[in-house]
Amino acid sequence: MADRRQHREQPAVTTDETALIAALKQREPQALAQAFELYAAVIYRLALSILHDEQQADGVVQDTFLKLIEHIDGFEGRARLSTWLYRVAYHECTGRIRRAKPLLNLDDFPEEAAVMPAHFVDWQTLPEQALSSRETADQIQQAIDGLPPTLRLVFILRDVEECSTRQTADILGLTEAAVKVRLHRARLALREALAAYFEEYLHR
Amino acid sequence: MTTLTLTCADIVRYLSDYLEDNLADDVARAARDHIATCDNCRIVLDSTQQMILLYRDHGRAQRLPLARQTELFGRLAAAFSERRPPGQG
């Protein structure tokens, strides 16, 4: 099974990223534009999901790219550029939290037991508007904000941004096994929260 | 040869591995057999996949406002051009 998985993982450094790193080292202006285009939105969303503050998230994008500009000449390409950037962004976020709330540690949230499915409403029977309403969007946001940050970040990197298990582990400083357990718990919890909401929706 | 059978609790435990096609062939086959006859497990699997797509759409709609993006990129581009490659000053 390990072999099958390995084949699906992306290579450590893609050719595109190697070319982009070389262009950044040469200070080609379009290289910075390309890096910004590829990664700024992901960094912004990652920061927003941790800090819940648009201005601070904006600051994290700026500081992450300033670090890239500062360190690009020493970049050896052992890590993927995206992994490096997201890891820097993640540390920028935790640094900001530590400065604001020195006693809060993102990893201190209790490891909750996996949520077992208890709502079996068939989503196929939902009217189209149930999935696309403003109210549902609020529920979606509330459910993810209600997750412990350790689960939320893994879910966002894996399922929203489609990072690999390996890359997510590298960004957050976790083992791949921990990423898998947290992703599984996050999925069960989010499915349950939305299933409960849709069940109530259908019984109105 | 004995045939592997899975319970609903097994399906929940293997849910993520099943969705990512990470199960050994005999376990995957047993999971498919279970899901074909168990409505609740089919619903849990389908809704988990839909939930992931809902979050992907919802999450990716969050973007830096365009004006802020332009301003921020301008500042970064200036910092980038000020920093010469090694050996060029």
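Let's start at B:Thr48, which sits in helix α3 (residues 39-60) of chain B. Helices here are DSSP runs of H or I with at least four residues, strands are runs of E with at least two, and both are numbered from the N terminus.

A word on the model. This is a predicted model, where local features need pLDDT of at least 70 and side-chain atom pairs count only at pLDDT 80 or more, while totals for chains, interfaces and linings use all residues. Residues are numbered from 1 along each chain as its sequence is written, chains are lettered from A and ligands numbered from 1 in the order in which they are written, and side-chain values use heavy atoms, leaving out hydrogens and water.

Back to B:Thr48. Is B:Thr48 buried or exposed? B:Thr48 counts as buried because its relative accessible area is 1%. Buried means under 20% relative accessible area, exposed means over 50%, and partly exposed lies in between (1.4 Å probe, protein chains only).

What does B:Thr48 touch? Leaving aside residues up to four places away in sequence, B:Thr48 has A:Arg187, A:Arg191, B:Leu15 and B:Leu19 as contacts. A contact means heavy atoms within 4.5 Å.

Now the whole of chain B. Chain B has four helices and zero strands. Its C-alpha atoms fill a box of roughly 75 × 35 × 15 Å along the principal axes. Of the 89 residues of chain B, 37% count as buried.

Next, aromatic rings. How many aromatic pairs does a search of the whole structure find? Eight, over all chains. Rings of Phe, Tyr and Trp (its six-membered ring) pair if their centres lie within 6.5 Å; planes under 30 degrees apart are stacked, over 60 edge-to-face, and the rest tilted.

One of the pairs is A:Tyr39 with A:Tyr86, edge-to-face, at 6.2 Å centre to centre and 75° between the planes. A:Tyr39 lies in helix α3 (residues 29-51) of chain A and A:Tyr86 in helix α5 (residues 81-100), 47 residues apart. Both A:Tyr39 and A:Tyr86 are buried.

A:Phe155 and B:Tyr55 also pair edge-to-face, at 5.3 Å and 85°. This pair crosses between chains, from helix α8 (residues 149-160) of chain A to helix α3 of chain B. A:Phe155 counts as buried because its relative accessibility is 0%. B:Tyr55 is buried too, at 2%.
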